Amino acid sequence: MKTLPWEYGVRNLFRRPTRTALTLVGLTTVILLIFVVVAFIRGLEASLAASGDEDVVLVYALSSGADIENSSIPARTPALLAASLDGIQRRFDVQHISPEVYLGTRITVAGTDKKGLGLVRGVTTAAPLVRSKMQIVEGEWPGPGEVLAGKLAHSKLGCREEALSVGSTVTFDGREWRISGRFTAAGSAFESELWCPLQDMQTALKRQDLSLVAVKMAPGGSLADVEMFCSERLDLELKAVPEAQYYASLQQHYKPVRLLGWVVVWLIAGAGVFAGLNTMYGAVVGRVRELSTLQAMGFRRRAITMSLIQEAVLLSVGGSLIAALVAFLLVNGTAVRFTMGAFALRVDSLAVVIGCGTGLVLGLLGAVPPAMKAMRVTVVEGIKAV
Amino acid sequence: MTLVQVKNVTKQYANGEETITPLNEVNLEVHQGDFLSLMGASGSGKSTLLNMIAGIDEVTSGEILVEGTDITKLSRGKLADWRASHVGYIFQTHNLIPVLTAYENVEMPLLLLKMSAAERRKRVEIALEAVNLTDRATHYPRQMSGGQEQRVGIARAIVASPTLVVADEPTGNLDDETTEQILELLQRVNNELGMTLLMVTHDIEASEIAKRQIRLERGKLTERQAGSAKSTVTAA
């Protein structure tokens, strides 16, 4: 089958520049919206997935349900765990056990009157041993009266990034805290937190207890040992949950959000198809005579249909590329607040495949029905069409 | 040599409950090198006959043999291929592709044939020269007059050296002066290039340049020999 020249399809796009430009803008907007929604879902998934470490077991109060924030366990728990369990990771005679207080509280950033809901974790120097993805990227470990700010903490607090620069101050629980440094944690939920010395936090909160103990197991160490400890020490009322499982359960919690995201993707794509169909119907209806002339010359219907599809696909590919570029430049990495902290929108390879793939499908679906309709007109009728 | 044989061709349309028969058991023979004009009143079926011979309309019954091939038996795809190599169509409304230049419009039919780019270029140049439009090769249809557009249409119809050139009211949209030029050009296509032409027209003067003049009335053909008033029924 002889196809129509490539230039024919390309030049047809410039036949009505305004309509082509408007269609391109419409398609780009639709595809960009799809990029944003997919980047949201991927960012949320990545944040929760990165937060769980397979080797870490969280020990917290049996009565707190699935929420660590409400957990309260005795301060002696870390020492009892260290004394009772053999399978805990140990290096240079230091056991990787991190006692922590975890709290959601109102935080005021210096220079603003507004109080933002932030997440604060009281930690010891053992925390980085257990949270191995944590890395200080600026400043230093917090001393008394100081906090370490996560990379996305500003987003959670709803302030500018500069407001949490090293040397700035934040106020919570009646005390002013100086920011000693900033840290990253491989895109995990920790990045939206403020970390301060455990003892300072307990003093500020007038608390003696802990929220949880995070234990890093050595190779060969077993969760069963920690569970056994919890079940034997009924007086402590503890439970042990692998950290990965804890965040996986949170993922389940956000399943409706993700599902809604995918529904939005489908709705946007559906709207895009109708917009594309409308444009292509308009473009094809005005060209019935031309298309019939091509048939009279000897071009087969399939060749003409392919040329019409080529036009629509060229446009949708253009829209996809522009949308991908805008998504990379403006959407990727944008911080979004959610109840558990904050996460960065993620335009990864899957988002590109879904965004550009949807664009391509929009082009195809938008072109095929109008092309088929145009091909149903007989050549004799078509060559005399106005 | 007989090029086209139309044998007992009938064409019927359904118009609501009524059946219209513009062509009823029509027979016609067209010979190699003929220039044949088809005349008749509006709705007499002259364009329908032309379109059936050109392979873009279907017969209700009968046969149309072109160089021995019964084109009524060809599938839609095969018929498209057949048209590409056997028919050059000149339209009343020129029907040029607006996004292509005169050169590219003329080149289009050649893209359907196995031919090198150099051969294509040579043929397009010859065709444009034949219609005296070499200097307009890079112009788009919107940049040309109606007469120039029709000359490009003629160049496009003859460029592939088809077995048959068909023209449906080729001067229908043109002024008198341009009509004269186009008719002269069609005569040259027939006389100098030796191409067989079938032309539908309602213009008596236009029809008189043809070697054979056929009239279609009440579904039947009658032939008037050039220069005489003799009428013949062209039953094969």
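How many salt bridges are there between chain B and chain A?

## Where the chains meet

In this predicted model, the count between chain B and chain A is three salt bridges. One of these pairs Lys384(A) with Asp168(B), and their closest N and O atoms sit 3.5 Å apart.

Helix 2 of chain B gives the most, with seven residues. Sorted by class, that side of chain B has 15 nonpolar, six polar and eight charged residues.

The contact draws 29 residues from chain B and 22 residues from chain A. Together the chains bury about 2300 Å², with 62% of it on carbon and sulfur atoms. In chain B, the residues that lose the most area to chain A are Val99(B), Met108(B) and Leu112(B), together 25% of what that side buries.

## Inside chain A

Chain A is assigned domain 1 (6–49 + 254–382) and domain 2 (74–236), and their C-alpha centres lie 46 Å apart. Twelve residues of domain 1 touch ten residues of domain 2, burying about 810 Å², of which carbon and sulfur atoms give 53%.

What about polar links here? Between these two domains of chain A there are zero salt bridges and zero residue pairs in polar contact, counting pairs with both at pLDDT 80 or more. On the domain 1 side, helix 2 (17–51), strand 13 (335–338) and strand 14 (341–344) of chain A each give two or more residues. That side has eight nonpolar, three polar and one charged residues.

Methods: Residues numbered from 1 in each chain as written. Chains lettered and ligands numbered in written order. Predicted model: local features only at pLDDT ≥ 70, side-chain atom pairs only at ≥ 80, totals over all residues. Heavy atoms only, no water. Contact = heavy atoms within 4.5 Å. Buried area = accessible area lost by both parts, 1.4 Å probe. Salt bridge = Lys/Arg side-chain N within 4 Å of Asp/Glu carboxyl O. Helix = DSSP H or I, 4+ residues; strand = E, 2+ residues; numbered from the N terminus. Nonpolar A, V, L, I, M, F, W, Y, C, P; charged D, E, K, R; others polar. Domains from an automatic or database assignment. Polar contact = N/O pair within 3.5 Å; in protein donor to acceptor, adjacent residues only side chain to side chain.
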